[in-house]
Amino acid sequence: MPSHFFQHYKSELNHFIDEALKEDIGSGDHSGQSCITETATSSAKLLVKEEGILAGMELAEILFHRYDPNLIFNPLIKEGAKVKKGAIAFKVEGNTQSILATERLVLNSMQRMSGIASLTHKLSQKIKYTNCQLLDTRKTTPNFRYPEKWAVQIGGGTNHRMGLFDALMIKDNHVDFCGGMTQALQKTEYYLKSLPQPLEVVVEARNLDEIKAVLPFPWVSRILLDNFNAKELVTALELINNKVPTEASGNITENNLIEMAETGVNFISMGALTYSAKPIDLSLKAVLN
C-alpha cells in the first residue's frame, strides 16, 4: 500500500527516479550486458551491515518496478523498523540485467535514507516526553530532497516546508533588504492578498524587538527564534505568551536539544537531520541456489 508521502509527491518522486536512472545507466549498462544474457533470471537480497532504522523500502520497490515492472519485490522487514547487522531487508527476483542496472540507485537511496531516519529517530526519542516536534529544513542534497524528507518522516520527524513554493519564510536577509521587520511584513501582507490561496508564513526573529514587531500581524503562522540560547528562548516565549506557535533554530545540537525542547517551544528545526546523517551500510547480494 503506497504511503501518504509517495501519493502526495508521486510526480516528483517518479521524476527523481527517472532522472537518477538516466544519470547512472545512460545509454545502457555495459557491465551487465557484457556477461549476462538478456533472458537470464536471478534473485538478490538486501543485507543490512550495521544497526539502524531502515528507510527507503517503499522507494526501492517503486524504483525496481519503474525500471522493470516484471521484477518481484518481497519485503521482509517493515519500513522504519530498527534493524541489526546481518538482517535481510528484502529479496528481489527477475531479470538479472534489470537487478544489476538498478542495484546502485537502490543502495544509494536506501543507505542515505536509512542514515537520516536513524539520526531523526535517535534525536526525536530524546524529546518524545515533551510537546516539541522535530523539524527538518531546506538544507538537503540537490535533487534528492524528496527522499531525504521522506526519511525524516520515517524516522519520526516532521517536514518543514518542501521548498520556496509551498510556504513563506521571512528570514533575516528579507528583513534587512526591506529596511526592517515591520516594512517586510507590510509588504508580505500585501503580497498574500494577491495569492489565489493562503500559505503558511513563518517569520524569523533575531531578538526581542523583532518579536514585538511580528506580534501585531495575526496572519503569521509561526515565529522562528533564530540562534536563541535556552535562557533567551524562555524570555522570548514569555513575551509571545502562546499567541503564535514557536520554532527554535540555529546552533541546536544533540547536546543541547533536550534543554531547548524543555523550554516549551513548539518546534525545533535542525538542518543536521539531512546534512549530517551518516549513511547506513547496506549491500545487495546475489542469492545462489
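**Close-up 1. Helix H8 lies across strands S7 and S8 in this predicted model.** H8 takes in residues 181–193, and its direction runs at about 165 degrees to S7. S7 covers residues 168–170 and stands at an edge of its sheet. Strand S8, residues 201–205, pairs with S9 in the parallel sense, over four bridges.

**Close-up 2. Here is the six-strand open sheet, with its strands in the order S6-S11-S10-S9-S8-S7.** The pairing is parallel. S6 (133–135) and S7 (168–170) each have a single partner strand, so one side of each is left without a neighbour in the sheet. From one strand to the next, the twist averages 25 degrees. At the S6 end, three bridges join S6 to S11, which is made up of residues 267–269, and the two run parallel.

**Close-up 3. Strand S9 is mostly covered.** How many of the five residues in S9 (222–226) are buried? Five of the five are. Arg222, Leu224 and Asp226 point one way from the strand, while Ile223 and Leu225 point the other way. S9 pairs with S8 over four bridges, in the parallel sense, and Leu225 is the bridge partner of Ala205. To get from S8 to S9, the chain goes through helix H9 (residues 208–214), making a right-handed β-α-β crossover.

**Close-up 4. Moving on to S10, we find it paired with S9 in the parallel sense.** Four bridges hold this pairing, and S10 spans residues 246–249. Ile223 has Thr246 as its bridge partner in S10. The chain passes from S9 through helix H10 (residues 230–240) to S10, in a β-α-β crossover that is right-handed.

**Close-up 5. Thr246 sits in strand S10.** Is Thr246 buried or exposed? With a relative accessible area of 3%, Thr246 counts as buried because that value falls under the 20% cut-off. Setting aside neighbours within four places in sequence, its contacts include Arg222, Ile223 and Leu225. Thr246 also touches Leu237 and Ile240, along with Val265, Asn266 and Phe267.

**Close-up 6. A four-strand open sheet has the order S3-S5-S1-S12, with antiparallel pairing.** Its edge strands are S3 (72–75) and S12 (282–286), each pairing on one side only. Neighbouring strands are turned against each other by 20 degrees on average, direction ignored. S1 (residues 41–48) and S12 run antiparallel and are joined by five bridges; Lys45 has Lys285 as its bridge partner in S12. Helix H4 (residues 57–67) packs on this sheet, touching S3 and S5 (88–95), and its direction makes about 170 degrees with that of S3. H5 packs on the sheet too, touching S1, S5 and S12, with its direction at about 155 degrees to that of S5.

**Close-up 7. Helices H2 and H5 cross with their axes within 10 Å.** H2 is residues 10–25 and H5 is residues 96–126; the crossing angle is roughly 125 degrees. That makes H2 oblique to H5. What is the handedness of the crossing of H2 and H5? The crossing is right-handed. On the H2 side, the contact is made by Phe16, Ile17, Ala20, Leu21, Asp24 and Ile25. H5 supplies Ala101, Thr102, Arg104, Leu105 and Ser109.

Terms used:
Residues numbered from 1 in each chain as written. Predicted model: local features only at pLDDT ≥ 70, side-chain atom pairs only at ≥ 80, totals over all residues. Heavy atoms only, no water. Buried < 20%, exposed > 50% of the residue type's maximum accessible area, 1.4 Å probe, protein only. Pairing = 2+ DSSP bridges. Right-handed = clockwise from strand over helix to strand, strands pointing away. Contact = heavy atoms within 4.5 Å. Axes fitted to C-alpha atoms, helices over the stretch in contact; angles between N-to-C directions. Parallel < 35°, antiparallel > 145°, perpendicular 65-115°, else oblique. Left-handed = near helix turned anticlockwise from the far one by under 90°.
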